[in-house]
Amino acid sequence: MSFPMVRHRRLRQSAGMRNMVRETVLNVNDLIMPIFVTYGENIKNEISSMPGVYHFSLDRLKEEVDEIASLGIPAVLLFGIPETKDSIGSSAFAEDGIVQEATRLIKSWYPDLLVVADTCLCEFTDHGHCGMVHTYERDGHVCGDVMNDESLELLVKTAVSQAKAGADIIAPSNMMDGFVQAIRAGLDENGFEHIPIMSYSVKYASAFYGPFREAADSAPQFGDRKTYQMDPANAREALREAESDVLEGADMLMVKPSLSYMDIMRTLKDQFDLPLVAYNVSGEYSMVKAAAIQGWIDEKAVVQEMLTSMKRAGADIIITYFAKDVARWIKG
């Protein structure tokens with residue numbers, strides 16, 4: 001054999017060596033834990049399609065937040081299931097809305113825990129879409145068009161109400177055109193110029209959202225969301241979406257889902273100098289949980305590999321339902 005021989009295995013020969021040269025490291029500070037808050041009393045109900053994830057009523061919320069804070073997880077993402085819904089999602093921007101009340105409680109318990117408020121209407125509308133809808137009948141079927149500009153006004157009201165309640169970060173997930181610009185202007189006009197926007201910049205019309213629809217009670221009552229969420233086949237369009245949000249004043253960009261869109265994350269990371277968020281969505285979570293329950297995979301190993309790969313692809317922050325588990329594993 002000719003000399004010199006390159007021996008790559010020299011840097012893999014022990015755990016200590018591998019740890020020392022590791023390029024990508026998963027850290028507790030990378031994580032955001034989603035929480036589903038609902039109306040009622042004494043409720044802690046497991047979501048059937050998401051083992052280990054629960055609906056919490058406000059009077060049971062502290063036990064979940066205590067655990068999250070004790071693990072050193074720096075942020076939570078709030079989703080609310082209201083008591084009543086209507087065509088414009090008025091509970092989304094009510095002063096006593098479920099997300100607003102949960103935010104006040106969390107900030108009173110843990111002022112330093114970051115509260116990220118999901119800013120959308122789908123959980124609060126009786127039709128399940130992310131904006132105002134013009135409905136009509138066609139061949140005996142109810143149809144509807146999601147109205148973009150009219151929806152922006154309601155989303156601004158929602159964002160401002162969340163900021164007033166104490167939210168640290170506004171995370172609009174609606175995918176209406178111009179939503180970042182409208183929300184930035186609304187926040188600034190109301191004295192919240194210091195509140196950053198974590199934009200769901202590249203949100204695909206994905207089949208991986210199925211369990212979330214149960215968790216948030218947000219399935220569309222007619223049609224689908226393909227007229228405003230992105231086609232999974234498109235990559236160049238993701239750059240256009242993200243560029244619009246950057247120009248409109250987004251402080252962080254998000255790719256959702258993450259596991260099947262690593263190429264999109266890397267493209268955005270290379271193109272834009274903003275923090276990049278990966279959303280490890282409900283379907284990705286539930287698939288791993290289901291396989292682990294069957295004994296087909298090593299859950300801890302798979303989750304750590306999966307989330308590390310998201311960081312390797314460019315994610316600075318990861319929203320994941322595995323956050324508490326990962327924090328425990330990291331702490332050892």
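Author: A patch joins residues with over 30% relative accessible area and no salt bridge, like charges within 9 Å and nonpolar side chains (Val, Leu, Ile, Met, Phe, Trp, Tyr) within 5 Å. This is a predicted model, where local features need pLDDT of at least 70 and side-chain atom pairs 80 or more, while totals for chains, interfaces and linings use all residues. Residues are numbered from 1 along each chain, and side-chain values use heavy atoms, leaving out hydrogens and water.

Reader: Which helix holds Glu153 of the negative patch?

Author: Glu153 gathers with Asp149, Glu150 and Asp177 in a surface patch of negative charge (Asp and Glu count as negative, placed at CG of Asp or CD of Glu). At 56% relative accessibility, Glu153 is exposed (over 50%; buried is under 20%, partly exposed in between). Its helix (a DSSP run of H or I, at least four residues) spans residues 148-165 and is H4.

Reader: And how much accessible area does the nonpolar patch of Leu11, Met20 and Val21 have together?

Author: Met20 lies in helix H1, residues 15-21, and is exposed at 62% relative accessible area. Together with Leu11 and Val21, Met20 forms a nonpolar surface patch whose accessible area (Shrake-Rupley, 1.4 Å probe) is about 300 Å².

Reader: Which residues are exposed on the other side of H5 from the buried ones?

Author: In H5 (residues 179-189), Phe179, Val180, Ile183, Arg184, Gly186 and Leu187 are buried. They share one side of H5, because they cover an arc (of directions from the axis to the C-beta atoms) of only 165 degrees. The other side has the exposed Gln181 and Glu189.

Reader: How far apart in sequence are the parts tied by Lys44 and Glu63?

Author: Lys44 and Glu63 form a salt bridge (Lys or Arg side-chain nitrogen within 4 Å of an Asp or Glu carboxyl oxygen), with the closest N and O atoms 3.8 Å apart. Lys44 sits in strand E2 (residues 44-46; a strand is a DSSP run of E, at least two residues) and Glu63 in helix H2 (residues 61-70), so the parts tied together are separated in sequence by 19 residues.

Reader: What else does Glu63 bridge to?

Author: Glu63 is partly exposed at 35% relative accessibility. At 2.6 Å, N to O, its side chain also meets that of Arg60.

Reader: About how many helical turns separate Asp270 and Arg266?

Author: The two side chains meet in a salt bridge at 3.0 Å, N to O. Asp270 is exposed at 56%, whereas Arg266 is partly exposed at 32%. Because they are four residues apart in helix H8 (residues 262-271), their separation is about one helical turn.

Reader: How many salt bridges does the whole structure have?

Author: Some salt bridges link up into a network of Glu64, Glu67, Lys289, Glu299, Lys324, Asp325 and Arg328. For the whole structure, the search gives a count of 16.

Technical notes: Buried < 20%, exposed > 50% of the residue type's maximum accessible area, 1.4 Å probe, protein only.
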